[in-house]
Amino acid sequence: MTLFEPIQVGNSQLQHRVVHAPLTRLRNTEDTNIPTDLVVEYYSQRATLGGLIIGEGSAISNKAGGYPRGPGLFTEDQLEGWRKVTQAVHEKGGINFSQMWHGGRAGSSLFIKDNQLPIAPSPIPITSSKNFMVNEPYEVPHEASHDDIKNLVKQYVAAAKNAITAGFDGVEIHGANGYLIQQFIASSSNKRTDDYGGTIPNRSRFTLEVSEAVANAIGPERTGIRFSPWAGAELDAQDDTPYETYGYILEHLNPKLAYVHFVEPRDDALREVPDLVNSLDPFRKIWQDRPFISAGGYSTQPELMAAVAENTGNLIAVGRAYLANPDLVERLKYGWPLNKYEREFFYTTGTLGYTDYPFYSAKGTTTTSINDQSQ
């Protein structure tokens with residue numbers, strides 16, 4: 001079965017293709033954004049021999065708009081917290097990539113150094129929803145100048161180097177879900193008239209500059225990037241021509257990157273209902289014969305994991321099901337039933353709904369099939 005066949009990803013030899021997707025679960029310290037011992041336990045529980053874990057989105061600087069109990073990659077204390085995580089994963093024989101995050105206009109001045117306004121490609125606020133961090137309307141962001149853009153690239157590079165210092169095997173650049181990089185890509189959020197806006201090459205420029213600078217700093221084999229051509233609408237980051245735009249980006253990315261990571265198109269914000277019109281296949285074709293990670297919707301349709309891996313050779317990133325099943329890889333391999341994830345505990349504190357999900361026991365278990373879920 002392809003899902004359990006080895007694959008080379010950058011410098012890392014994986015033993016299977018079930019990937020732990022990046023999941024923000026807010027179990028870090030509130031004011032200093034340091035991974036706690038609970039975070040160490042969580043990742044250690046889910047580490048497998050030759051399995052890839054992509055860590056939760058981590059702010060690249062104190063200007064990224066981080067949020068309470070979300071982790072960072074810019075202080076020595078944060079790096080020390082991450083060292084405990086990477087050591088625990090490596091002790092299990094796992095591979096650990098860090099996802100580098102900048103919120104752009106989705107941030108809040110309350111969580112930015114000197115209470116500066118969030119930065120974005122254009123001074124256009126998100127209007128379709130409130131800022132969940134403060135339950136207030138999103139602020140009108142500061143439009144990034146050319147000097148700002150150069151500094152942003154430097155922040156990504158610094159965070160990437162910090163991640164390697166903390167023991168990560170590589171980094172994933174977060175270019176998805178309506179955050180800063182996707183704000184530059186999307187035609188709805190980027191209304192610039194200079195060389196970073198307007199045409200597809202211009203709107204792609206920042207993404208390509210960040211990815212190339214990071215690859216030059218730590219090596220392309222330790223650099224991945226995540227995209228969501230259709231997931232981003234919840235933060236008003238939509239593109240008029242997703243196939244042309246992301247096709248252009250893929251064609252101009254460094255071909256030696258460790259992987260590209262795409263979110264499957266879905267008809268709802270939670271990405272549980274399949275989109276029967278759009279497909280990742282054109283992007284797979286461009287990136288053919290190189291590691292391609294598919295994500296989105298697999299937690300509620302686990303039978304698709306094996307089918308997509310078999311048909312495409314993709315690695316499959318899983319979030320909610322991996323949260324609820326620390327032994328997910330074994331459960332999938334042997335056909336064991338899956339625990340039901342508990343959505344009400346996704347963004348709370350403590351062990352409940354985080355590190356207390358049971359491992360499978362053949363001698364009686366309370367686990368239920370994930371196909372029985374209505375969440």
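This is a predicted model: local features need pLDDT of at least 70, side-chain atom pairs count only at pLDDT 80 or more; totals for chains, interfaces and linings use all residues.
1. At 0% relative accessibility, His 261 counts as buried. His 261 sits in strand β13, which covers residues 259-263. Setting aside neighbours up to four places off in sequence, the contacts of His 261 are Pro 22, Ile 54, Glu 172, Ile 225, Arg 226, Phe 227, Ile 293, Ala 295 and Ala 317.

2. A word on strand β15, residues 315-318, where Ala 317 is found. Leu 315 and Ala 317 point one way, Ile 316 and Val 318 point the other way, and all are buried. Strand β14 (residues 292-295) runs parallel to β15, and three bridges join them. Here Ala 295 stands opposite Ala 317. Strand β3 (residues 18-20) also pairs with β15 in the parallel sense, over three bridges, and Val 18 faces Ile 316 across that pairing.

3. Now to the largest nonpolar core, which has 71 residues. Those with the most contacts inside this core are Met 100, Tyr 156, Phe 206, Val 214, Leu 253 and Phe 262. Helix α3 (residues 146-165) gives the most to it, with eight residues.

4. Apart from residues up to four places away in sequence, Leu 253 touches Leu 208, Ser 211, Ile 225, Phe 227, Val 260 and Trp 287. Ile 225 and Phe 227 are also among the contacts of His 261.

5. Is Ser 204 buried or exposed? Ser 204 has a relative accessible area of 0%, so this residue is buried. Ser 204 belongs to helix α5, residues 200-218. Beyond its neighbours within four places in sequence, Ser 204 is in contact with Thr 245, Tyr 248 and Ile 249.

6. Helix α6 spans residues 242-252, and its buried residues are Pro 242, Thr 245, Tyr 246, Gly 247, Ile 249 and Leu 250. What covers them? The cover includes α4 (180-185), α5, β12 (223-227), β13 and α7 (281-286). Two of the buried residues, Thr 245 and Ile 249, are in contact with Ser 204.

7. Of the 25 residues lining it, the closest to its centre are Asp 31, Asn 33, Gly 66, Tyr 67 and Phe 111. By class, the lining holds 10 nonpolar, 12 polar and three charged residues.

Key:
Residues are numbered from 1 along each chain as its sequence is written. Side-chain values use heavy atoms; hydrogens and water are left out. On a 1 Å grid over the protein atoms alone, a cavity is a set of points where a 1.4 Å probe fits but cannot get out, and a pocket is an open set with protein on both sides within 12 Å along at least five of seven lines; lining residues have an atom within 4 Å of a point. Ala, Val, Leu, Ile, Met, Phe, Trp, Tyr, Cys and Pro count as nonpolar, Asp, Glu, Lys and Arg as charged, and the others, Gly among them, as polar. A nonpolar core is a set of buried Ala, Val, Leu, Ile, Met, Phe, Trp, Tyr and Cys residues joined through side-chain atoms within 4.5 Å. Buried means under 20% relative accessible area, exposed over 50%, partly exposed in between (1.4 Å probe, protein chains only). Helices (H or I, at least four residues) and strands (E, at least two) are DSSP runs, numbered from the N terminus. Contact means heavy atoms within 4.5 Å. Two strands pair if DSSP finds at least two bridges between them.
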